[in-house]
Amino acid sequence: MRPWLKSASPGITFTLAPASASLLLVLAVALSSCAGSDATPIVEQPARSLVSMDVEPAFPNLSLDRMVYLTHAGDGTDRLFVLLQPGRIMLFPNDQSVESATVFLDIRERVSDRGNEEGLLGLAFDPDYATNGHLYVYYTASAPRRSVVSRFSVRPDDPNRADPASERIILQVPQPFPTHNGGMLAFGPDGLLYIGLGDGGSGGDPQGNGQDPATLLGSILRIDPRSPGDGRSYSIPPDNPFVGMEGLREEIWA
């Protein structure tokens, strides 16, 4: 499968992996969840002509390959962080004239990107990152094939480097195939971590994971990674929809 979006210019090359599309899923489900049963039904609008648009490089002097995600730490430092699918997070100042990026975190030896939809796929900074220095990543690993959500910490002596040795695994999910990994991470306004998981892969979801609430695959999870509980590295919010239902995964939000 080819990347779902690719834009190239002499100044900068962006390549976004298919996993980035899970961001759209997270936003769509979040909006529908907030709407509730009283939501106004969608009314079809008359067709409108498309508006002409141009695309220009935001950082014309910077070139990075296999980009998956771009974000900031929310700490007021005006730095940008780029996720590279093979397993690195790059850092550069939010300056249009920037010419190079530095390595913020390198975990390529732990990441498997052999499949086109595998790799380092998600990044979310803790809402209190400015004080606790914690960030969360989502990556695929091998032997066995699985998705991993981990927490890392910034180095106490260098705000521009995260410590690879600080990894604390929060959640691991077995993956049956090298496709449909999902990978989006985001903290909601409720302070909880939302995780977008693909259905596990192969054509047509042969295992039926997308409609099976007994598996974490094909779901958006909602957990609290900052409050471990019940022998896990995270706790489950009591208002998750499947809490208390036997045989169903309580981590699932949608």
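**Sheets, cores and a buried tyrosine in a predicted model**

His-180 is placed in the loop between β10 and β11, where strands are DSSP runs of E with at least two residues, numbered from the N terminus. The structure is a predicted model, in which local features need pLDDT of at least 70, side-chain atom pairs count only at pLDDT 80 or more, and totals for chains, interfaces and linings use all residues. Residues are numbered from 1 along each chain as its sequence is written, and side-chain values use heavy atoms, with hydrogens and water left out.

Although not a glycine, His-180 has a positive phi of about 60 degrees. Its relative accessible area of 26% makes His-180 partly exposed; on this scale buried means under 20%, exposed means over 50%, and partly exposed lies in between, with a 1.4 Å probe and protein chains only. A positive phi is also found at Asp-230, again a residue other than glycine, with a value near 55 degrees. Asp-230 belongs to the segment after β13 and counts as exposed, at 73% relative accessibility. The peptide bond leading from Ala-143 to Pro-144 is cis, with omega near 0 degrees.

Turning to the sheets, four strands make up an open sheet in the order β7-β8-β9-β10, and their pairing is antiparallel; two strands are taken to pair if DSSP finds at least two bridges between them. The edges are held by β7 (120-125) and β10 (158-174); each has a single partner strand, so one side of each has no neighbour in the sheet. From one strand to the next, the twist averages 25 degrees, with axes taken as lines fitted to C-alpha atoms and angles running from 0 to 180 degrees between N-to-C directions. Within this sheet, β7 and β8 run antiparallel and are joined by five bridges, and Phe-125 stands opposite Leu-135 in β8. Nine bridges link β9 (residues 146-155) with β10, also in an antiparallel arrangement. Here Val-148 faces Gln-172 of β10 as its opposite residue. Although β7 stands at an edge, six of its six residues are buried, so β7 is largely enclosed by the rest of the structure.

A second open sheet can be described in the same way. Three strands form it in the order β11-β12-β13, with antiparallel pairing. At its edges stand β11 (182-187) and β13 (220-223), each with a single partner strand, so one side of each is left without a neighbour in the sheet. The average twist from one strand to the next is 20 degrees. Strand β12 (residues 193-197) runs antiparallel to β13 and is joined to it by four bridges; the bridge partner of Gly-196 in β13 is Ile-220.

What lies in the interior? The largest nonpolar core has 22 residues, and Ile-89, Phe-104, Leu-135 and Val-137 have the most contacts inside it. Such a core is a set of buried Ala, Val, Leu, Ile, Met, Phe, Trp, Tyr and Cys residues joined through side-chain atoms within 4.5 Å. Two or more residues come from each of β4 (79-84), β5 (88-93), β6 (102-106), β7, β8 and β9, and β8 gives the most, with four residues. Leaving out residues up to four places away in sequence, Ile-89 touches, among others, Phe-81, Phe-104, Leu-120, Leu-135 and Val-137, contact meaning heavy atoms within 4.5 Å. A second, separate core of 20 residues includes Leu-121, Val-149, Ile-195 and Ile-223.

Tyr-194 is buried, with a relative accessible area of 14%. Beyond its neighbours within four places in sequence, Tyr-194 is in contact with Met-184, Leu-185, Ala-186, Gly-188, Ile-220, Leu-221, Arg-222 and Trp-253. Its side chain makes a polar contact of 2.7 Å with the side chain of Asp-190 and one of 3.1 Å with that of Arg-222. A polar contact is a pair of N or O atoms within 3.5 Å; within protein, one must be able to donate a hydrogen and the other to accept it, and residues adjacent in sequence count only if both atoms are side-chain atoms. The C-alpha atoms of Tyr-194 and Ile-252, which are 58 residues apart along the chain, are separated by 9.5 Å.
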